[in-house]
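Dear colleague,

I am passing on the structure we spoke of, with the sequence alongside.

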Amino acid sequence: MTKIKTVDHLVSIKSYNGVKPLEVIAEELNIPVTKIIKLDGNENPYDPLPEVLAALSSLKNISNYPDMMCSNLIQDLAKKENLDANNFIISAGSDELIELLIKAYANPSDTVLSVSPTFGMISFLAQVHGIKHVAVSQQLVKKESFAHYVLDENQFFDVAKQSKIVFIARPNNPDGYVVSEKFIERLVALPVLVIIDEAYIEFSDSQSLAKWIPQYDNLVILRTFSKAYGLGGLRVGYGIMPNDIRNILVSIKQPYNVNIAGQKAAFAALSSPLVDQRIVKMKKTREWFINQLKLLQDQYKTFWIHPSEACYVLLTFESPEVPKNLYEHLYSKGILVRYYSSSDMINNLRISIGLQENMVKVIEELKLFLKGGI
Ligand SMILES: Cc1ncc(COP(=O)(O)O)c(C=O)c1O
């Protein structure tokens with residue numbers, strides 16, 4: 001028998017560490033699915049939007065292939081953003097666009113640049129396509145109750161000059177920090193493709209950079225329906241970019257990349273007044289949660305809080321044992337938070353912002369944990 005070898009750059013590839021399905025966790029914990037508080041995937045905690053449920057239940061023709069251009073959705077998005085429809089492309093989650101951009105713009109000798117830590121998909125997809133990924137490490141700085149990742153912008157800028165694609169999540173995942181517009185202005189002045197991932201921009205007080213699109217040939221904005229619109233399970237994202245980049249991506253994408261349910265649901269979600277109301281509530285809950293964490297930090301001094309402009313809060317601990325034990329304690333109570341096993345993130349836990357009543361439970365458990373020194 002002859003084992004067929006994979007291409008060389010895939011020999012040591014590890015599959016992406018995604019979130020476990022709720023049903024699997026409920027079975028492991030022997031509790032009903034409805035008792036699980038899921039705060040590990042930065043997902044929207046609310047029930048589906050009524051407009052989305054209505055659109056999905058009125059789906060009739062699912063035997064025909066979907067509109068490969070998602071024209072209705074694009075028209076609505078273009079109107080909302082006050083930009084030309086030719087600047088938009090819809091995708092199966094914004095992850096798909098990261099992959100298409102790497103396919104279209106990175107030659108095997110090129111480099112993709114990001115900061116570290118950031119959203120894992122960029123290094124994963126660069127590896128899948130055999131493209132070198134360089135990450136400029138940010139320095140962790142602690143000040144009073146808070147921790148911040150600080151980027152040496154000049155160092156990043158120097159590496160950007162040698163790169164083909166520069167990726168910045170704004171707000172960043174995992175910490176929720178928003179890089180300044182000034183710094184992005186410096187980057188887009190370089191002859192590199194600058195991808196600004198705005199997956200969480202709706203939760204931020206900072207402005208989107210979509211309005212810059214008509215001024216630049218090398219700027220791409222990524223957005224998603226997975227977070228503020230609560231459609232993570234339907235996989236719909238979109239990109240806003242110069243028309244020539246959009247045309248290249250259209251020409252290499254799978255023709256029917258976004259299914260009918262996703263297209264209809266996203267279109268319906270755009271018209272829902274509940275989206276903005278829920279964002280306001282989540283931002284209030286985030287503020288409440290950070291204030292509660294601060295009180296605990298003042299008392300116990302065992303962790304530091306990253307101020308966040310997104311729908312999650314990162315906590316940094318002094319050593320890896322405490323976050324591991326806290327993760328296990330919360331897990332045993334059916335509260336799922338994001339634990340990191342990689343050496344650079346092992347001192348951290350990331351907690352998504354859920355419903356207010358569930359964040360109260362997190363704080364209660366955290367108090368018990370810290371008091372008991374579990
Ligand atoms: C920064 C960032 N971008 C993109 C995504 C994924 O978006 P989508 O569901 O549209 O693929 C995530 C998901 O966690 C993320 O954190």
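The notes below take the sheet, then the helices on it, then the ligand site, and finally a hairpin.

This is a predicted model, in which local features need pLDDT of at least 70 and side-chain atom pairs count only at pLDDT 80 or more, while totals for chains, interfaces and linings use all residues. Residues are numbered from 1 along each chain as its sequence is written, and side-chain values use heavy atoms, with hydrogens and water left out.

The sheet is open and has seven strands with mixed pairing, in the order β2-β10-β9-β8-β7-β3-β4. Strands (E, at least two residues) and helices (H or I, at least four residues) are DSSP runs numbered from the N terminus, and two strands pair if DSSP finds at least two bridges between them. Because β2 (88-91) and β4 (132-137) stand at the edges with a single partner strand each, one side of each is left without a neighbour in the sheet. On average, neighbouring strands of this sheet are turned by 20° against each other, direction ignored; axes are lines fitted to C-alpha atoms, for helices over the stretch in contact, and angles run from 0 to 180 degrees between N-to-C directions. Within the sheet, β9 (residues 219-224) and β10 (residues 237-240) pair in the antiparallel sense over four bridges, and Leu222 has Gly239 in β10 as its bridge partner.

Helix α8 (residues 243-252) packs on the sheet, where it touches β2, β8 (193-197) and β9, and its direction makes about 30° with that of β2; contact means heavy atoms within 4.5 Å. Helix α6 (residues 153-161) lies across β3 (111-116), β4 and β7 (165-169), and runs at about 165° to β3.

Among the polar contacts (pairs of N or O atoms within 3.5 Å), a polar side-chain atom of Asp197 lies 2.6 Å from a nitrogen atom of the ligand, whereas side-chain N or O atoms of Thr224 and Lys227 face ligand oxygen at 2.5 Å and 3.0 Å, respectively. Taken alone the ligand exposes 400 Å², of which the protein buries 92%, with accessible areas from the Shrake-Rupley method and a 1.4 Å probe.

Finally, β5 (residues 139-143) and β6 (residues 146-150) pair in the antiparallel sense over five bridges, with Leu140 opposite Tyr149 in β6. They form a hairpin with two residues between them, and Glu144 in the turn has a positive phi of about 50°.

Methods
Polar contact = N/O pair within 3.5 Å; in protein donor to acceptor, adjacent residues only side chain to side chain.
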